[in-house]
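User: Could you walk me through the salt bridges and the core of this one, please?
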Amino acid sequence: MRGYEEIRVDERLRELAGQLHGPARLKADLLTEARHALEDAVEAYREVGLPVAEAERRAVAEFGTPAQLAPGYQAELAAGALRGLALRALAVAAVLMAAGDLTWRGSSWSDGPRPPAGYLLLSASVNGIWGVIAGLAVAGLLLGLLAARYGSPRLPRLARAVGFGLTGGLAVGAAAGGALFGWSVHLWDAALTWPPMIIGAVLVGAGWFALARAARYWLITTRGPRVAG
(Lines give C-alpha, C1' and ligand atoms only; values in the text may rest on other atoms or scores of the structure.)
Protein backbone atom coordinates (compact mmCIF):
# COMPACT_ATOMS: atom_id res chain seq x y z
CA MET A 1 0.00 0.00 0.00
CA ARG A 2 1.36 3.42 -0.87
CA GLY A 3 2.35 5.72 1.95
CA TYR A 4 0.21 8.76 2.75
CA GLU A 5 3.05 11.08 1.81
CA GLU A 6 3.13 9.64 -1.74
CA ILE A 7 -0.53 10.29 -2.58
CA ARG A 8 -1.03 12.91 -5.28
CA VAL A 9 -3.86 15.37 -5.93
CA ASP A 10 -5.83 13.27 -8.42
CA GLU A 11 -5.68 10.21 -6.23
CA ARG A 12 -6.80 12.11 -3.15
CA LEU A 13 -9.80 13.48 -5.04
CA ARG A 14 -10.69 10.02 -6.34
CA GLU A 15 -10.54 8.65 -2.80
CA LEU A 16 -12.76 11.46 -1.54
CA ALA A 17 -15.23 11.01 -4.39
CA GLY A 18 -15.49 7.31 -3.62
CA GLN A 19 -16.74 8.03 -0.10
CA LEU A 20 -19.49 10.51 -1.01
CA HIS A 21 -23.17 9.83 -1.75
CA GLY A 22 -25.29 12.36 -3.58
CA PRO A 23 -26.50 13.88 -6.86
CA ALA A 24 -23.79 13.73 -9.52
CA ARG A 25 -23.97 17.45 -10.31
CA LEU A 26 -23.67 18.60 -6.69
CA LYS A 27 -20.91 16.07 -6.06
CA ALA A 28 -19.00 17.24 -9.12
CA ASP A 29 -19.30 20.88 -8.03
CA LEU A 30 -17.89 20.11 -4.58
CA LEU A 31 -15.02 18.09 -6.00
CA THR A 32 -14.24 20.89 -8.45
CA GLU A 33 -13.99 23.32 -5.54
CA ALA A 34 -11.72 20.86 -3.73
CA ARG A 35 -9.52 20.52 -6.82
CA HIS A 36 -9.20 24.29 -7.12
CA ALA A 37 -8.18 24.53 -3.47
CA LEU A 38 -5.55 21.82 -3.90
CA GLU A 39 -4.23 23.33 -7.12
CA ASP A 40 -3.93 26.73 -5.43
CA ALA A 41 -1.95 25.12 -2.61
CA VAL A 42 0.31 23.31 -5.08
CA GLU A 43 0.90 26.55 -6.98
CA ALA A 44 1.81 28.35 -3.76
CA TYR A 45 4.45 25.71 -2.96
CA ARG A 46 5.75 25.81 -6.52
CA GLU A 47 6.24 29.58 -6.24
CA VAL A 48 8.65 29.07 -3.33
CA GLY A 49 10.75 26.69 -5.40
CA LEU A 50 9.46 23.22 -4.54
CA PRO A 51 9.30 20.61 -7.32
CA VAL A 52 5.88 19.42 -8.50
CA ALA A 53 5.92 16.11 -6.62
CA GLU A 54 6.88 17.73 -3.30
CA ALA A 55 4.38 20.57 -3.81
CA GLU A 56 1.58 18.06 -4.39
CA ARG A 57 2.67 15.97 -1.39
CA ARG A 58 2.50 18.95 0.94
CA ALA A 59 -0.78 20.24 -0.50
CA VAL A 60 -2.39 16.82 -0.07
CA ALA A 61 -1.03 16.48 3.47
CA GLU A 62 -2.55 19.82 4.45
CA PHE A 63 -5.83 19.02 2.71
CA GLY A 64 -6.53 16.03 4.96
CA THR A 65 -7.53 12.41 4.59
CA PRO A 66 -10.83 11.25 3.07
CA ALA A 67 -11.93 10.07 6.52
CA GLN A 68 -11.41 13.60 7.86
CA LEU A 69 -12.97 15.38 4.89
CA ALA A 70 -15.89 13.15 3.87
CA PRO A 71 -18.29 14.02 6.73
CA GLY A 72 -18.09 17.73 5.97
CA TYR A 73 -18.47 17.26 2.24
CA GLN A 74 -21.32 14.82 2.78
CA ALA A 75 -23.09 17.38 4.95
CA GLU A 76 -22.74 19.93 2.14
CA LEU A 77 -24.20 17.43 -0.33
CA ALA A 78 -27.15 16.81 1.99
CA ALA A 79 -27.75 20.54 2.40
CA GLY A 80 -27.68 21.09 -1.36
CA ALA A 81 -30.01 18.17 -2.03
CA LEU A 82 -32.45 19.42 0.61
CA ARG A 83 -32.48 22.88 -0.98
CA GLY A 84 -33.33 21.33 -4.33
CA LEU A 85 -36.10 19.23 -2.81
CA ALA A 86 -37.51 22.17 -0.83
CA LEU A 87 -37.56 24.49 -3.87
CA ARG A 88 -39.39 21.93 -5.99
CA ALA A 89 -41.85 21.09 -3.21
CA LEU A 90 -42.59 24.77 -2.60
CA ALA A 91 -43.19 25.42 -6.30
CA VAL A 92 -45.50 22.42 -6.72
CA ALA A 93 -47.38 23.22 -3.50
CA ALA A 94 -47.94 26.81 -4.57
CA VAL A 95 -49.26 25.76 -7.99
CA LEU A 96 -51.56 23.08 -6.61
CA MET A 97 -53.01 25.25 -3.86
CA ALA A 98 -53.52 28.21 -6.21
CA ALA A 99 -54.75 26.39 -9.29
CA GLY A 100 -56.32 23.19 -7.96
CA ASP A 101 -59.88 24.51 -8.05
CA LEU A 102 -59.45 25.93 -11.56
CA THR A 103 -59.64 22.45 -13.07
CA TRP A 104 -63.26 22.20 -11.90
CA ARG A 105 -64.62 25.60 -12.93
CA GLY A 106 -67.14 25.45 -15.74
CA SER A 107 -67.35 21.67 -15.70
CA SER A 108 -70.62 19.91 -16.46
CA TRP A 109 -70.77 18.45 -12.95
CA SER A 110 -69.80 21.52 -10.92
CA ASP A 111 -73.46 22.58 -10.52
CA GLY A 112 -74.70 19.07 -9.83
CA PRO A 113 -75.39 17.30 -6.54
CA ARG A 114 -73.05 18.03 -3.65
CA PRO A 115 -70.26 15.42 -3.34
CA PRO A 116 -70.28 13.04 -0.35
CA ALA A 117 -69.00 14.33 2.98
CA GLY A 118 -66.01 11.98 2.81
CA TYR A 119 -65.00 13.40 -0.53
CA LEU A 120 -65.18 16.96 0.75
CA LEU A 121 -63.13 15.97 3.80
CA LEU A 122 -60.47 14.34 1.61
CA SER A 123 -60.36 17.40 -0.65
CA ALA A 124 -59.86 19.70 2.32
CA SER A 125 -57.23 17.34 3.72
CA VAL A 126 -55.25 17.45 0.47
CA ASN A 127 -55.15 21.24 0.65
CA GLY A 128 -54.06 21.04 4.28
CA ILE A 129 -51.32 18.53 3.46
CA TRP A 130 -49.92 20.83 0.77
CA GLY A 131 -50.00 23.70 3.21
CA VAL A 132 -47.86 21.67 5.63
CA ILE A 133 -45.53 20.68 2.79
CA ALA A 134 -45.10 24.34 1.81
CA GLY A 135 -44.28 25.23 5.42
CA LEU A 136 -41.70 22.44 5.69
CA ALA A 137 -40.16 23.50 2.37
CA VAL A 138 -39.75 27.07 3.60
CA ALA A 139 -38.24 25.76 6.85
CA GLY A 140 -35.78 23.63 4.87
CA LEU A 141 -34.65 26.61 2.81
CA LEU A 142 -34.23 28.81 5.90
CA LEU A 143 -32.26 26.14 7.75
CA GLY A 144 -29.96 25.79 4.76
CA LEU A 145 -29.25 29.52 4.75
CA LEU A 146 -28.68 29.58 8.51
CA ALA A 147 -26.39 26.56 8.39
CA ALA A 148 -24.26 28.18 5.68
CA ARG A 149 -23.97 31.40 7.70
CA TYR A 150 -23.56 30.19 11.29
CA GLY A 151 -22.31 26.60 11.07
CA SER A 152 -24.07 25.46 14.25
CA PRO A 153 -24.01 21.65 14.73
CA ARG A 154 -27.70 21.75 15.63
CA LEU A 155 -28.80 23.19 12.31
CA PRO A 156 -27.88 20.12 10.17
CA ARG A 157 -29.80 17.91 12.59
CA LEU A 158 -32.84 20.17 12.34
CA ALA A 159 -32.50 20.24 8.55
CA ARG A 160 -32.36 16.45 8.51
CA ALA A 161 -35.55 16.24 10.57
CA VAL A 162 -37.26 18.75 8.27
CA GLY A 163 -36.10 16.77 5.24
CA PHE A 164 -37.58 13.55 6.56
CA GLY A 165 -40.78 15.39 7.45
CA LEU A 166 -40.93 16.89 3.97
CA THR A 167 -40.34 13.53 2.31
CA GLY A 168 -43.01 11.91 4.46
CA GLY A 169 -45.43 14.75 3.74
CA LEU A 170 -44.88 14.31 0.02
CA ALA A 171 -45.61 10.59 0.27
CA VAL A 172 -48.84 11.32 2.15
CA GLY A 173 -49.71 14.05 -0.34
CA ALA A 174 -49.18 11.70 -3.27
CA ALA A 175 -51.42 9.05 -1.72
CA ALA A 176 -54.15 11.55 -0.82
CA GLY A 177 -53.99 13.27 -4.21
CA GLY A 178 -54.20 9.98 -6.05
CA ALA A 179 -57.17 8.89 -3.95
CA LEU A 180 -58.92 12.21 -4.61
CA PHE A 181 -58.36 11.94 -8.35
CA GLY A 182 -59.63 8.36 -8.43
CA TRP A 183 -62.70 9.28 -6.39
CA SER A 184 -63.38 12.23 -8.69
CA VAL A 185 -63.35 9.99 -11.75
CA HIS A 186 -65.63 7.51 -9.97
CA LEU A 187 -68.13 10.27 -9.17
CA TRP A 188 -67.96 12.06 -12.52
CA ASP A 189 -67.08 10.05 -15.62
CA ALA A 190 -66.78 13.29 -17.60
CA ALA A 191 -63.73 14.23 -15.52
CA LEU A 192 -61.59 11.99 -17.72
CA THR A 193 -62.44 14.03 -20.82
CA TRP A 194 -62.53 17.49 -19.23
CA PRO A 195 -59.57 19.41 -20.81
CA PRO A 196 -58.54 21.36 -17.66
CA MET A 197 -58.52 18.09 -15.73
CA ILE A 198 -56.36 16.41 -18.37
CA ILE A 199 -53.91 19.33 -18.48
CA GLY A 200 -53.80 19.43 -14.68
CA ALA A 201 -53.11 15.71 -14.49
CA VAL A 202 -50.21 16.01 -16.95
CA LEU A 203 -48.67 18.95 -15.07
CA VAL A 204 -49.11 17.25 -11.70
CA GLY A 205 -47.51 14.10 -13.07
CA ALA A 206 -44.49 16.07 -14.24
CA GLY A 207 -44.29 17.79 -10.86
CA TRP A 208 -44.41 14.49 -9.02
CA PHE A 209 -41.66 13.08 -11.23
CA ALA A 210 -39.40 16.01 -10.35
CA LEU A 211 -40.28 15.70 -6.66
CA ALA A 212 -39.62 11.96 -6.63
CA ARG A 213 -36.18 12.45 -8.13
CA ALA A 214 -35.32 15.25 -5.71
CA ALA A 215 -36.53 13.21 -2.72
CA ARG A 216 -34.50 10.21 -3.87
CA TYR A 217 -31.36 12.31 -4.22
CA TRP A 218 -31.83 13.80 -0.76
CA LEU A 219 -32.41 10.40 0.84
CA ILE A 220 -29.21 9.13 -0.76
CA THR A 221 -27.21 11.94 0.87
CA THR A 222 -28.53 11.03 4.34
CA ARG A 223 -26.69 7.70 4.31
CA GLY A 224 -23.45 9.43 5.22
CA PRO A 225 -20.01 8.88 3.66
CA ARG A 226 -18.87 5.40 2.71
CA VAL A 227 -16.37 3.80 5.04
CA ALA A 228 -13.27 2.68 3.21
CA GLY A 229 -12.58 -1.01 3.55
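User: Which helix holds both Glu39 and Arg35, and how many residues apart are they?

Analyst: Both Glu39 and Arg35 lie in helix α2, four residues apart, about one turn of the helix, helices being DSSP runs of H or I with at least four residues, numbered from the N terminus. Their side chains meet in a salt bridge (3.9 Å, N to O), the rule being a side-chain nitrogen of Lys or Arg within 4 Å of a carboxyl oxygen of Asp or Glu. Please keep in mind that this is a predicted model, where local features need pLDDT of at least 70, side-chain atom pairs count only at pLDDT 80 or more, and totals for chains, interfaces and linings use all residues. Residues are numbered from 1 along each chain as its sequence is written, and side-chain values use heavy atoms, with hydrogens and water left out.

User: What else is linked with Arg35 and Glu39 in a network?

Analyst: Asp10 is linked with Arg35 and Glu39 in a network of salt bridges.

User: And Arg8, what does its side chain meet in a salt bridge?

Analyst: Arg8 pairs with Glu56 (3.3 Å, N to O); because Arg8 lies in the segment before α1 and Glu56 in helix α3, the pair ties together parts that are 48 residues apart in sequence. Glu56 is buried at 15% relative accessible area, whereas Arg8 is partly exposed at 34% (buried is under 20%, exposed over 50%, partly exposed in between, with a 1.4 Å probe and protein chains only).

User: Switching to the core, which residues touch the most other members?

Analyst: In the largest nonpolar core, which has 50 residues, they are Leu16, Tyr73, Trp130 and Leu170; such a core is a set of buried Ala, Val, Leu, Ile, Met, Phe, Trp, Tyr and Cys residues joined through side-chain atoms within 4.5 Å. The largest share, eleven residues, comes from α4.

Technical notes:
Helix = DSSP H or I, 4+ residues; strand = E, 2+ residues; numbered from the N terminus.
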